[in-house]
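Hi everyone, thanks for making time this morning.

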Amino acid sequence: MAYSRRSLLLLLLLQVLLATTTLSSSDNLPETGNDVVVEVNRSQREFDYFALALQWPGTYCRGTRHCCSKNACCRQGSDAPTQFTIHGLWPDYNDGSWPSCCYRSDFNEKEISTLIDGMEKYWPSLSCGSPSSCHGGKGSFWGHEKHGTCSSPVFRDEYSYFVTTLNIYLKHNVTDVLYKAGYVASNSEKYPLGGIVTAIQNAFHINPEVVCKRDAIDEIRLCFYKDFKPRDCLGSKDLTSRKSCPKYVSLPEYTPLDGEAMVLKMPTDE
Ligand code: U2P
C-alpha cells in the first residue's frame with residue numbers, strides 16, 4: 001500500500017511523540033516526601049560535587065535599599081546577621097557548569113517546618129525581592145532552592161537536602177575560623193587574601209573559592225565530594241585564578257539600614 005507524503009509525515013510525528021512520552025515516564029524518579037516528582041530535563045547528567053556557598057552579609061547588605069519582614073539585611077541587635085550565612089548547597093560539574101531545575105516538585109514548607117528557626121537564622125533571605133524559581137512560581141524564599149532538585153541520588157527529598165545543608169554549614173564555621181586567625185569584620189582593615197585562604201585550608205583541608213565585590217569578600221565557597229569529604233573547589237588552585245578578588249581584601253562590618261530607609265517598606269510586605 002502506498003503512503004502519501006502527508007501520511008508519512010504524520011506517522012513520523014506520531015513516532016516522535018511516542019518516543020518522548022516513553023522517555024518522560026521513567027519508573028525510577030525520586031520522590032519528595034509523599035509527592036511524586038517529575039523529571040523535567042533528562043539531558044542534565046548527574047552532578048560531580050557539591051559547593052556550599054556562604055555569603056557575607058556585611059558586603060551583601062551594603063546594597064540594601066528596602067526593608068521588609070523577610071529581609072535579614074534589616075535585622076538589628078542580637079538578630080543582626082554578623083556571620084557568613086548560607087547562599088546554597090550547589091550540585092556542580094567539574095567543568096565549571098551546573099545543572100538546574102532537574103525535577104518538577106512543588107516546594108512544601110511543611111516538610112521542613114522543624115527546621116524553620118535554623119533556616120531563618122543561618123539561611124535567611126538577604127533581600128525583599130523574589131528569587132527566580134524553576135517554574136516561575138512565587139512563594140517561600142527557600143522554595144527557589146532549585147539546586148536540591150539536582151542533588152539526586154544523594155538527596156531524595158526536600159527535608160534531607162535542607163537538614164544536611166544546615167549540618168554541613170554548622171560543622172564548617174568559617175566566621176569562627178577567620179575570627180580566630182585575626183580576620184574580623186572591619187570597615188578600615190584590609191587582609192591578605194592568601195592568609196584567609198590558608199586559615200580555611202588549615203581548618204577544613206579544603207581549598208575554597210573566594211568571590212569579591214570590588215575588594216570586599218562577598219562569598220566563600222567550600223567544596224565536597226558526594227559523600228561530603230572535603231575537596232578543592234574549581235578555580236581555587238592558585239591565588240591569581242581567584243579573578244574577582246585583589247591581593248588584599250576587606251570584610252566589611254554589617255550595618256543595618258538607618259531609620260529613614262527602614263520605613264521604606266515594600267508594598268508586598270505583609
Ligand atoms: O553566581 C551567580 C548565580 O549562579 C548560580 N550558581 C553559581 C555557581 C554555581 O556553582 N552554581 C550555581 O547555581 C547561583 O544562583 P542562585 O542559586 O543564587 O539562583 C548564583 O547566585
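Let's begin with alanine 51. Apart from neighbours within four places in sequence, alanine 51 is in contact with Trp90, Asp92, Arg221, Cys223 and Cys233. Before we go on, please keep in mind that this is a predicted model.

Alanine 51 also turns up in the largest nonpolar core, which has 44 residues. Ala51, Leu52 and Leu54 are the ones with the most contacts inside that core. Which elements give two or more residues to this core? They are β4 (49–55), β5, α4, α5 (174–180), α6 (193–204), β8 (209–213) and β9 (216–224). The biggest giver is β4, with five residues.

Now for the ligand. Which residues surround the ligand? Here we meet Ala51 again, together with Gly88, Trp90, Asp92, Trp98 and Pro131. Strand β5, residues 85–92, gives the most to the shell, with three residues.

Next, a look at the annotation. In an unreviewed UniProt entry, the label "active site" covers His87, Glu145 and His147. These residues span 61 residues in sequence, yet no two of their C-alpha atoms are more than 11.0 Å apart, so they gather at one spot.

Let's take two of them in turn. Glutamate 145 sits in the loop between α3 (116–122) and α4 (158–171). Is glutamate 145 buried or exposed? Glutamate 145 has 22 other C-beta atoms within 10 Å, and 20 or more is what it takes to be called buried, so glutamate 145 is buried.

Histidine 147 is also found in the loop between α3 and α4. Histidine 147 counts as buried because it has 24 C-beta neighbours inside 10 Å. What does histidine 147 touch, leaving aside neighbours within four places in sequence? The contacts are Gly88, Leu89, Trp90 and Pro91. If you find Gly88 and Trp90 on your screen, you'll recall that both are among the residues around the ligand.

Finally, how confident is the prediction? The protein averages a pLDDT of 81, and 73% of the residues score at least 70. Over residues 8–36, though, pLDDT stays under 50, and the model has 26 contacts beyond four places in sequence for that stretch. Residues 266–270 are also below 50, with five contacts beyond near neighbours in sequence. Where pLDDT is low, the predicted coordinates should not be read in detail.

That's my tour, and I'm happy to take questions.

Technical notes
Residues are numbered from 1 along each chain as its sequence is written. This is a predicted model: local features need pLDDT of at least 70, side-chain atom pairs count only at pLDDT 80 or more; totals for chains, interfaces and linings use all residues. pLDDT is the predictor's confidence in each residue, from 0 to 100. Two residues are in contact if their C-beta atoms, placed from the backbone, lie within 7 Å. A residue is near a molecule or strand if its C-beta atom, placed from the backbone, lies within 6 Å of it. Helices (H or I, at least four residues) and strands (E, at least two) are DSSP runs, numbered from the N terminus. UniProt positions are given in the numbering used here, feature names are shortened, and annotations may be inferred rather than shown by experiment. A residue is buried if 20 or more other C-beta atoms lie within 10 Å of its own, exposed if 12 or fewer, and partly exposed in between; C-beta atoms are placed from the backbone. A nonpolar core is a set of buried Ala, Val, Leu, Ile, Met, Phe, Trp, Tyr and Cys residues joined through C-beta atoms within 7 Å.
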